[in-house]
Amino acid sequence: MGSISLRKVEKAYGHGAKANKVIHGVDAEIPDGEFIVIVGPSGCGKSTLLRMVAGLEDITGGEIHIGGRIVNQLEPAERDIAMVFQNYALYPHMSVYDNMAYGLKIAKKPKAEIEARVQKAARILELGSLLARKPRELSGGQRQRVAMGRAIVRQPQVFLFDEPLSNLDAKLRAQTRLEIQKLHRELGVTSLFVTHDQVEAMTLAERMIVMNGGRIEQIGTPEQVYGTPASTFVAGFIGSPPMNLLAGTATGASFAVAGATLALPAAAPRDGALTLGLRPEHVALDPAGPWPLQVEMLEMLGAERLVYGLLGGTLCTLRIEGTLVPPKVGETVRINAEPRHLHWFDAASGQRV
Ligand SMILES: Nc1ncnc2c1ncn2[C@@H]1O[C@H](COP(=O)(O)OP(=O)(O)OP(=O)(O)O)[C@@H](O)[C@H]1O
Ligand SMILES: [Mg+2]
């Protein structure tokens, strides 16, 4: 059973007065077999958290459980995990086969078992025809597959991935993403996957953990995190282009922002200082719409077009169909949003209201 339980996990680098706390009490329950993605900006503590699960960093506070047993004091080799890094670090002088077999040889597994496990991993990863090659004779994507093969042959309870795709070009990244999904369907092993790329997070995750500054902002399915972001941080981080966020003051069904007062389709959840969130695809051009938008810039992306414009003093983004006749730069158009697509956040804390 490869469930993972994080209970009030803390991490500080250094000691005493010089201690720098980077993880501030993280709680998460990950059931056996789940594919969970940890996503957040650079420096938010993703790798630190993963390395604590792996046993490569001491745990300053709290408990980590893997498969029902507490692992705080266990060495990495005793935790029954396998890790795949961004830097795949294959042995250059060994063949693909030997790179995958190496850990099992060290563990003194019988030869026939090693052969069977390597062949199975090679089949899953479609590396069968490359087993005799050296790493330098492989593409970046193939090398990354060998690194995954090395993890698979160990048959761990948990896979840990730290940005394994970030050395690959965009096309290969997309392709390898699909392979990782397939791999997970086939093996069903609990996986913790770290990335700073929200598209990668959205496409791979069964559930995602959004982190910011050593804390969890939200845990949920991609649909939950995208559809009901728990904070302005999540709203601005997940989604591209990000959610429009307008700071203002609500009084009933009117919302005063810099440079304009917007009539709302329904009363705000409360009066006072709030932040209004609007996804670019949920704002529509509508000649009868209540809000003015002064068009500043257009971007044609093919299937869709982005319209950038000023709503009062705030630059907002709209996403419209590429086949629609776009407004002209400099023109002021009317826009509209449905009540169910308005997100409200507390102005001070940034938390959803
Ligand atoms: N060995 C270390 N000693 C001291 N501070 C460290 C050490 N490793 C990481 N940190 C600090 O801990 C914080 C979290 O770092 P971490 O590497 O976990 O971030 P990350 O979310 O993985 O970022 P990235 O997306 O850039 O990889 C950062 O502020 C970093 O400077
Ligand atoms: Mg990192």
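Colleague: Is Lys182 buried, partly exposed or exposed?
Modeller: In this predicted model, local features need pLDDT of at least 70, side-chain atom pairs count only at pLDDT 80 or more, and totals for chains, interfaces and linings use all residues. Buried means under 20% relative accessible area, exposed means over 50%, and partly exposed lies in between (1.4 Å probe, protein chains only). Lys182 has a relative accessible area of 32%, so the residue is partly exposed.

Colleague: Which residue meets the side chain of Lys182 in a salt bridge?
Modeller: Residues are numbered from 1 along each chain as its sequence is written, and side-chain values use heavy atoms, with hydrogens and water left out. A salt bridge is a side-chain nitrogen of Lys or Arg within 4 Å of a carboxyl oxygen of Asp or Glu. At 3.3 Å, N to O, the partner of Lys182 is Glu126.

Colleague: How many residues apart are Glu126 and Lys182?
Modeller: Helices (H or I, at least four residues) and strands (E, at least two) are DSSP runs, numbered from the N terminus. Lys182 lies in helix α5 (residues 170-187), and Glu126 in the loop between α3 (111-124) and α4 (140-152). The pair links distant parts of the chain, and the separation is 56 residues.

Colleague: Which strand holds Asp346, the partner of Arg270?
Modeller: The closest N and O atoms of the Asp346–Arg270 salt bridge are 2.4 Å apart. Arg270 lies in the loop between β13 (260-263) and β14 (272-278), so the pair ties together parts that are 76 residues apart in sequence. Asp346 is in strand β20 (residues 343-346).

Terms used: Chains are lettered from A and ligands numbered from 1 in the order in which they are written.
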